[in-house]
Amino acid sequence: MTFGQMPPANGFLEKKDFKNEYFYEMEVGFSEEISLFQLNNFTPPKNIHTEKYPFYTSSSKFMENHFRDYSNWMFKNYLKNNSKLIEIGSNDGTLLKNFQKTDIDFLGFEPSSKIAELANQQKIKTINQFFDKESALELTKYKKNTDVICAANVIAHIPDLKDLIHGIDNLLSSTGVFIFEEPYLGSMFSQVSYDQIYDEHIYLFSLSSIKKLFNLFDFDLIDALPQITHGGSIRYVIARKNKFPIKKNVSKLIDNEKEKNLDNLNSCLEFKKNCEGSKSKILNDLKKIKNDGKKICGYAATAKSSTILNYCKIGTDLIDYITDTTKEKIGKYSPGMHIPIVSVDRFKDNPPDVAYLFAWNHRKEIFKKEKNFSLNGGKWFSHVKLD
Ligand code: DWN
């Protein structure tokens, strides 16, 4: 399935750069062999995670709380005194900072230099590199004696999963575990939240794909825990083969995936139809609102919004501006459709009639923060159900 020409999802740009903007054909495919939903072509991560990469995990209070709970859970279940812990794609250290007051020997890998620097300034030890087999080999102190390697919303960004798994294999102790969270294919299909697909998300995982993939390298999927983050995610726990019993919920969730055809192409074909239906509905609804003389803005210039805007071809004819809290995005324009990104002050000072909530995954936090918008008659809009 193709979504047409797409710019980099986080490629917020200045007016002077419009003429040189980069586009690629965003097409998805499905490997029936390992049940893996993936992009057929992608931008090399080194072109994305540069010093300009504008996403900070700490931009959401809800996610900060989630990462505090995630770290406590790892502490309780898989870490012990003086354990070694590595986080892949540690961003600004939102998760690792929770280990600062413990005796855990922790280390983060973060390729975006400005973000890694921010973490290091807060004394969260962060290596400014991509995690791969080669960089893992340099960590002699951690070789085969790391208790936990963890990640959140990162593994789907790594094109060479074989290389990643070799890197993990070099570092994990015999009873070490690799724990990671990723947006769930099943949630994307059920909510028709195709905005999870963009250049950075090379894969959308399911238990079926993760189990098959790691089995190829002598690892077991030993546990899987559904999460509410990013509109529905799964926390996967991977261990060396036959080292841990496999928790019952793994087979239960896999059976559920089989029932829903998540392990085969049929669900993808259904999803394709749903995406096309969603596109027509969004455009009809927005045009109707506009024809009624109402003002529409976008709320949160997420990476996800880039897929919606470019797939549905929504520009300033429908949406006046997008408000966002990230200083690197404010004053720039959205990738591809060139909608101005402005600070939240504009939204507060001169609220629109309707706000397209692009950060629908943070709706609880945002509805609370913006309760005056709703109290004054403002309406939220989204392609996913907002309840
Ligand atoms: O995987 C990824 C996820 C974890 O984060 C990355 N590839 C990129 C990024 O995706 P996203 O941009 O879709 O993430 P979020 O967390 O849904 O949205 C973050 C954006 O929303 C930031 O630009 C900040 C903005 N935001 C806002 O303006 N007001 C967020 C909140 C919570 C707010 O209240």
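This note goes through the cores, the sheets, the helix packing and a few loop residues of a predicted model.

1. Basis. The model is predicted, so local features need pLDDT of at least 70 and side-chain atom pairs count only at pLDDT 80 or more, while totals for chains, interfaces and linings use all residues. Residues are numbered from 1 along each chain as its sequence is written, and side-chain values use heavy atoms, with hydrogens and water left out.

2. Main core. The largest nonpolar core has 80 residues, and Phe37, Ile155, Tyr194 and Ile197 have the most contacts inside it. Such a core is a set of buried Ala, Val, Leu, Ile, Met, Phe, Trp, Tyr and Cys residues joined through side-chain atoms within 4.5 Å. Buried stands for under 20% relative accessible area, exposed for over 50%, and partly exposed for what lies in between (1.4 Å probe, protein chains only). Helix H9 (residues 265-291) gives the largest share of this core, seven residues. Helices (H or I, at least four residues) and strands (E, at least two) are DSSP runs, numbered from the N terminus.

3. Phe37 and the second core. Contact is taken as heavy atoms within 4.5 Å. Apart from neighbours within four places in sequence, the residues touching Phe37 include Val28, Phe30, Leu185, Met188, Phe189, Ile197, Tyr203, Cys268 and Phe271. A second, separate core has 23 residues, among them Tyr78, Leu95, Val148 and Ile179.

4. Strands pair where DSSP finds at least two bridges between them. Val177 has Ala239 of S11 as its bridge partner.

5. Helix H7 on the sheet. Axes are lines fitted to C-alpha atoms, for helices over the stretch in contact, and angles run from 0 to 180 degrees between N-to-C directions. In H7 (residues 207-215), the buried residues are Leu207, Ser208, Ser209, Ile210, Leu213 and Phe214. Their cover includes strand S3 (36-39), helix H5 (161-171), strand S8 (172-183), strand S10 (219-227), strand S11 (233-240) and helix H8 (248-259).

6. H7 against H8. These helices pack at an angle of about 120° with axes 9 Å apart. H7 and H8 are therefore oblique to each other; under 35 degrees counts as roughly parallel, over 145 as roughly antiparallel, 65 to 115 as roughly perpendicular and the rest as oblique. Leu207, Ser208 and Lys211 of H7 meet Val250, Leu253, Ile254 and Glu257 of H8. By class, the residues of this contact are four nonpolar, one polar and two charged. Here Ala, Val, Leu, Ile, Met, Phe, Trp, Tyr, Cys and Pro count as nonpolar, Asp, Glu, Lys and Arg as charged, and the others, Gly among them, as polar.

7. H9 against H10. The axes of H9 and helix H10 (residues 303-312) come within 10 Å and cross at roughly 80°, which makes H9 roughly perpendicular to H10. On the H9 side the contact uses Cys275, Glu276, Lys279, Ile282 and Leu283, and on the H10 side Ile308, Tyr311 and Cys312. Six of these residues are nonpolar, none is polar and two are charged.

8. Strand S15. Strand S12 (residues 296-299) pairs with S15 in the parallel sense over four bridges, with Ile296 partnered by Val354. S15 also runs parallel to strand S16 (residues 379-381), over three bridges, and here Val354 is partnered by Lys379.

9. His201. This residue sits in the loop between helix H6 (185-191) and strand S9 (203-204). His201 is buried, at 7% relative accessible area. Ala156 is 45 residues away from His201 in sequence, yet their C-alpha atoms are 5.3 Å apart. Beyond neighbours within four places in sequence, His201 contacts Leu39, Ala156, His157, Pro183 and Gln196.

10. Positive phi. Most residues other than glycine have a negative phi. His230, in the loop between S10 and S11, has a positive phi of about 50° and is buried at 16% relative accessibility. Ala300, in the loop between S12 and H10, has a positive phi of about 80° and is buried at 10%.
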